[in-house]
Amino acid sequence: EPAKNVTKVKAGPGGMTVKGGDLQTVDQYITAKPGFVTYVDDGRLWVFLPGSEDLAAYEKAGEPAKSVTRVRAGPGGMTIRAPETKLIDEYLAAADGFETIIVDGRIWVFRPGSEDLAEFRKSGEPAKNVTKVKAGPGGMTVKSGDLGTINDYLRMVSAD
């Protein structure tokens, strides 16, 4: 164990305690999600899309004049800031092992490569689907082709 470390109690997946050599490393671990670039600045989580103009502007000049904020909505109760609301919703909905698509304020959840996902991409909705109202992140409704996928997804996002 390093001589100096930082500890965040119940901030990791499943409420686990996270320890690291410095606060920046711990925060990066807690906030990282594939498909997003995150920065923690003054205790607030900034979320961007990789390669976006908004990210380049943030990295060059810091906090933008215009952004959207969700207080205590992020990992460990962090406040989330982003260039637009849609990006915060997409970040919160994202979970390892699932493809998530937000349509009309609802999260569609699929397993990557599944028949349901292929059917959704082709027709906009699987022939058969299941809905859990207000069960997802931020109280969003979650939809999928089967209940097992929804339940596994909800266990994953509640562990964040």
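## Briefing on the predicted model

Helix α4 (residues 115-123) lies across β7 and β8 (106-110), and the helix runs at about 30° to β7. The model is predicted, and the protein in it has 5 helices and 10 strands. The C-alpha atoms fill a box of roughly 55 × 40 × 25 Å when taken along the principal axes. Of the 160 residues in the protein, 35% are buried, and among the contacts with a separation of 6 or more, 33% come from residues 24 or more positions apart.

**The open sheet of β7, β8, β10 and β9**

- The sheet to which β7 and β8 belong is an open one of 4 strands, arranged in the order β7-β8-β10-β9, and its pairing is mixed.
- Its edge strands are β7 and β9 (130-132), each of which pairs on one side only, and from one strand to the next the twist averages 25°.
- Strands β7 and β8 pair in the antiparallel sense over 5 bridges, with Ile102 standing opposite Ile107 in β8.
- The hairpin formed by β7 and β8 has 2 residues between the strands, and in this hairpin Asp104 takes a positive phi near 50°.
- Between β8 and β10 the pairing is parallel and extends over 3 bridges, and here Arg106 has Thr141 in β10 as its bridge partner.
- Strand β10 (residues 141-144) is also joined to β9 by 3 bridges, and these two strands run antiparallel; Thr131 stands opposite Lys143 in β10.
- Strand β8 is mostly covered, since 4 of its 5 residues are buried.

**Strand β6 and its partners**

- Strand β6 (residues 79-82) is covered on both faces, with Thr79 and Arg81 buried on one side and Ile80 and Ala82 buried on the other.
- Strand β4 (residues 44-48) pairs with β6 in the parallel sense over 3 bridges, and Leu45 stands opposite Ile80 in β6.
- Strand β5 (residues 68-70) pairs with β6 in the antiparallel sense, also over 3 bridges, and the bridge partner of Arg70 in β6 is Ile80.

**Asp89 and its surroundings**

- Asp89 lies in helix α3, and at 17% relative accessibility this residue counts as buried, because the cut-off for that class is under 20%.
- The side chains of Asp89 and Arg70 are joined by a polar contact of 2.6 Å.
- When neighbours within four places in sequence are left aside, Asp89 is in contact with Arg70, Ile102 and Met140; of these residues, Arg70 has a bridge partner in β6, while Ile102 stands opposite a residue of β8.

**Aromatic pairs and a charge over a ring**

- The structure holds 9 aromatic pairs; in one of them, the rings of Tyr39 and Tyr58 have centres 5.3 Å apart and planes at 40°, an angle that falls between the cut-offs of 30 and 60 degrees, so the pair is tilted.
- Tyr39 lies in strand β3 (residues 37-41) and Tyr58 in helix α2 (residues 53-61), so this pair ties together parts that are 19 residues apart in sequence.
- The two residues fall into separate accessibility classes, as Tyr39 counts as partly exposed at 30% relative accessibility, whereas Tyr58 is buried with a relative accessible area of 11%.
- A second pair, that of Phe98 and Tyr153, is edge-to-face, with 5.6 Å from centre to centre and 80° between the planes.
- Phe98 lies in the loop between α3 (85-93) and β7 (99-103), and Tyr153 lies in helix α5 (residues 147-159), so the pair ties together parts that are 55 residues apart in sequence.
- Lys33 lies over the face of Tyr91, at 4.6 Å from the ring centre.

Terms used. Residues numbered from 1 in each chain as written. Predicted model: local features only at pLDDT ≥ 70, side-chain atom pairs only at ≥ 80, totals over all residues. Heavy atoms only, no water. Phe/Tyr/Trp six-rings, centres within 6.5 Å; stacked < 30°, edge-to-face > 60°. Buried < 20%, exposed > 50% of the residue type's maximum accessible area, 1.4 Å probe, protein only. Lys NZ or Arg CZ within 6 Å of the ring centre and 35° of its normal. Pairing = 2+ DSSP bridges. Axes fitted to C-alpha atoms, helices over the stretch in contact; angles between N-to-C directions. Contact = heavy atoms within 4.5 Å. Polar contact = N/O pair within 3.5 Å; in protein donor to acceptor, adjacent residues only side chain to side chain.
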